[in-house]
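Please read it alongside the sequence and coordinates.

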Amino acid sequence: MTHENSLRFTGKTALISGGGTGMGRAAAISLGKQGAQVAVAGRRIEPLNEVVDIINIAGGKAKAIATDISNEKQVENMVSETIEAFGSLDLVWNNAGILGEFKHLNEISSEEFDHIIGINFKGIFLSMKYQLKAILQQGKNASIVNTSSWTAHGAMPGIAAYAATKGALDAMMRTAALEVGDKGIRVNNVSPGIIATPMGLAALGSEEAMQPFALHTPLQRVGYSEDVADTVLWLLSDDARFVTGQSILVDGGFTLGGLRPQFLQ
């Protein structure tokens with residue numbers, strides 16, 4: 001992993017929602033190893049505590065904050081607890097989200113639609129609202145990354161509500177980047193492709209079920225949590241100091257147009 005043994009985030013405080021499993025877990029542990037103080041948030045406290053233990057045992061500092069990002073009071077508390085514990089907020093990955101059930105558009109209930117919107121879009125709006133308030137009060141540079149998806153750039157049957165939240169999130173991110181860029185705050189999205197996370201594996205049933213997607217991918221494999229986490233750490237770092245307002249695809253080329261050579265043989 002790039003910069004694995006460096007301490008490039010020393011003195012920085014990071015907040016990661018959806019930090020208990022998958023991509024968020026991988027990023028939280030890497031940030032802790034690289035010197036950051038890390039607040040990990042999510043709905044289930046047990047996996048958060050496991051991540052905190054890993055970071056603390058390795059000599060870092062971490063805190064678990066149980067948070068449902070669709071609840072405004074809990075989001076406000078997530079931000080205030082982070083700053084109370086570590087004194088600042090410098091790096092953010094708003095990674096929490098849900099996929100929902102695979103259903104065609106005409107089959108999705110209003111309640112299901114509202115639930116997905118409430119977490120994947122409104123939840124990120126609430127997170128950014130309180131994070132930006134706190135960061136602007138600090139008056140110093142910061143970097144925020146949100147988790148979008150390849151589905152904001154492409155299409156797949158059964159995920160209309162999910163994809164809609166990610167497209168909306170890309171639009172909101174671009175506006176936020178314009179609003180706070182002159183304050184030294186960068187805002188970007190990361191758009192994972194087919195990634196073998198617990199959520200992805202649960203949706204498709206097994207890693208074997210991901211093989212058709214791997215065959216469609218120029219790099220001939222699906223992604224793993226570390227593939228996305230490493231990209232997020234780059235976006236959070238000073239290495240990406242001139243990057244803002246972007247949605248970075250991390251999909252191994254899955255969404256590239258064109259004929260696949262293996263299908264022409």
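Predicted model: local features only at pLDDT ≥ 70, side-chain atom pairs only at ≥ 80, totals over all residues.

The largest pocket holds about 920 Å³ of space. Its lining consists of 44 residues, and those nearest the centre are Gly97, Ile98, Thr197, Met199 and Gly200. Two or more lining residues come from each of α1 (22–33), β2 (37–42), α2 (45–57), α6 (160–180) and α7 (198–204). Of these elements, α7 gives the largest share, 5 residues. Sorted by class, the lining comprises 23 nonpolar, 17 polar and 4 charged residues.

The second largest pocket has a volume of about 260 Å³. Lining this pocket are 16 residues, with Lys12, Arg186, Leu236, Ser237 and Asp238 closest to the centre. Its lining divides into 4 nonpolar, 5 polar and 7 charged residues.

The table sets out the volumes and lining counts.

| Pocket | Volume | Lining residues |
|---|---|---|
| Largest pocket | about 920 Å³ | 44 residues |
| Second largest pocket | about 260 Å³ | 16 residues |

**Helix pair α4 and α5**

Two packed helices are described by the angle between their axes and the distance between the axes. Helix α4 spans residues 110–120 and helix α5 spans residues 122–138; their axes come within 3 Å and cross at roughly 25 degrees. Angles under 35 degrees count as roughly parallel, and α4 and α5 are therefore roughly parallel to each other. On the α4 side the contact is made by Ile117, Gly118, Ile119 and Asn120, and on the α5 side by Lys122, Gly123 and Ile124. This contact of α4 with α5 contains 3 nonpolar, 3 polar and 1 charged residues.

**Salt bridges**

How many salt bridges does a search of the whole structure find? The search gives 8.

Terms used:
Residues numbered from 1 in each chain as written. Heavy atoms only, no water. Axes fitted to C-alpha atoms, helices over the stretch in contact; angles between N-to-C directions. Helix = DSSP H or I, 4+ residues; strand = E, 2+ residues; numbered from the N terminus. Parallel < 35°, antiparallel > 145°, perpendicular 65-115°, else oblique. Contact = heavy atoms within 4.5 Å. Nonpolar A, V, L, I, M, F, W, Y, C, P; charged D, E, K, R; others polar. 1 Å grid on protein atoms, 1.4 Å probe; cavity = no way out; pocket = protein on both sides within 12 Å on 5 of 7 lines; lining within 4 Å. Points joined across faces, edges and corners; volume = space filled by probe spheres on them. Salt bridge = Lys/Arg side-chain N within 4 Å of Asp/Glu carboxyl O.
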